[in-house]
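Here is my note on the structure, written as numbered points. Please keep the model open while reading.

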Amino acid sequence: MNIKNYLSDKQWKHFYSESKKYKTPFVLVSKQIINDNFNKIKTNFPYAQVYTAIKANPCVDGIEVLNKLGSNFDIATIYELDMLLKLKVNPSRMSFGNTIKKKEDVAYAYKKGVRLFVSDSISDLENIAKYAPKSKVFFRILVDGSATAEWPLSLKFGADVQVVEELIYKAKALKLIPVGISFHVGSQQNDVNTWDKAIGRVSALFNKVAKNGIVLNLLNMGGGFPAHYIKTPHLLQEYAKNINVSLNKYFGNNIPTIILEPGRSLFGNAGVLVSEVILISKKTKTTKDKWLYVDSGIFNGLIETLGESIKYPLYVPNRKGKDSKEFIIAGPTCDSADIMYKDFRNPLPKDIKIGDRIFWLSTGAYTSSYASVNFNSFPPIKTYFI
Ligand SMILES: *Cc1c(COP(=O)(O)O)cnc(C)c1O
């Protein structure tokens, strides 16, 4: 493992020196890297409005950085809304981007000033019409992409274009303002071409409803841009280039307002999760496999290793041994599901010892807030910002 593929010397030294202050397990998140990631997204998509997907890392420190940089925000819940209000973010910079919401939460968001909502069902749309009258609504369509996304998102959310077309007319009838379409191609989307078909679908739908007198002018392309895990992802430039081509192909010189909702690509490489090796053991006399147990696991920050989906790069400072694939890596709880990597052998230095610290790189997104509260009575994993 070459740490230089992931962090600059300066970044690594900063993480490492700060990490010495804390007891494991914990997540350290760099505000500077979040800042740089935001700027990188703006540079690659200069025409887009960025709505940070708060759920990827709902911590005040990081959100403050993004607020100062002028980000808008995609909120999943009224709790994220409250956090933003405390930071004095104007509700005009928020989008209620969860298709699944209680009517009282729609009412609450409306009362606080939110006027932009997503929907993908008739019942939800009726709630919005009733509890957030005359609001702007965009509609989530189902798109392909699950096969090439490491954390798919396109099954539970969205409806097919025929259903969405009906919702658009219904919105108008309910005196809402239908403004556009959204999709999410799946998180950690490795295929840069996935957006093309989705954008084509949106364009066709725009044309269809235009014939019935409804002009849509918003295309919310969600997230999906990658963080750098074990596999080196395509560069963001590569995604931007392909998406540009598709926008021009389908919309010509009539490109709608574009929204992006980055989560993983904003926060992922801004964080490192630090855990300690508790035990290393063998289950039989003859096996080469070693079980390596650490003090963070599926229930404590590493839930995206479920099904061995997200493959985090692991770094053990000060061990010079050759990379070895003999380790099965598991967490500390009394639950057999708490195994991060068994089939996938995430390499660790051969000479790793009990008590060593493992740095799980690119763990700034979907880790600490995605952990259990106190399973086995372990306290929830802490996040510190640097
Ligand atoms: C989770 C989520 C995102 C963020 O996706 P990433 O792949 O992490 O960038 C964006 N939009 C919506 C609606 C989401 O639910």
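Predicted model: local features only at pLDDT ≥ 70, side-chain atom pairs only at ≥ 80, totals over all residues.

1. A polar contact is a pair of N or O atoms within 3.5 Å; within protein, one must be able to donate a hydrogen and the other to accept it, and residues adjacent in sequence count only if both atoms are side-chain atoms.

2. Residues are numbered from 1 along each chain as its sequence is written, and side-chain values use heavy atoms, with hydrogens and water left out.

3. Where else does an oxygen atom of the ligand lie 2.6 Å from an N or O atom of a side chain? That side chain belongs to Tyr-366. The protein buries 94% of the 390 Å² that the ligand exposes when taken alone (accessible areas by the Shrake-Rupley method with a 1.4 Å probe; for residues, only the protein chains shown count as cover).

4. There are 14 residues around the ligand, and those that come nearest are Lys-55, Ser-187, Glu-261, Gly-263 and Tyr-366 (a residue is near if one of its heavy atoms lies within 4 Å). The shell divides into three nonpolar, six polar and five charged residues. In this count Ala, Val, Leu, Ile, Met, Phe, Trp, Tyr, Cys and Pro are nonpolar, Asp, Glu, Lys and Arg charged, and the others, Gly among them, polar.

5. The structure holds 21 aromatic pairs (rings of Phe, Tyr and Trp, the last by its six-membered ring, with centres within 6.5 Å; planes under 30 degrees apart are stacked, over 60 edge-to-face, the rest tilted). Trp-12 and Phe-359 are edge-to-face because their planes stand at 75°, with the ring centres 5.0 Å apart. Both Trp-12 and Phe-359 are buried (under 20% relative accessible area; exposed is over 50%, partly exposed in between; 1.4 Å probe, protein chains only).

6. Tyr-229 and Tyr-312 form another edge-to-face pair, 5.4 Å centre to centre with 85° between the planes. Both of these tyrosines, Tyr-229 and Tyr-312, are buried.

7. A cluster linked by ring pairs contains Phe-45, Tyr-47, Trp-195, Phe-225 and Tyr-239.
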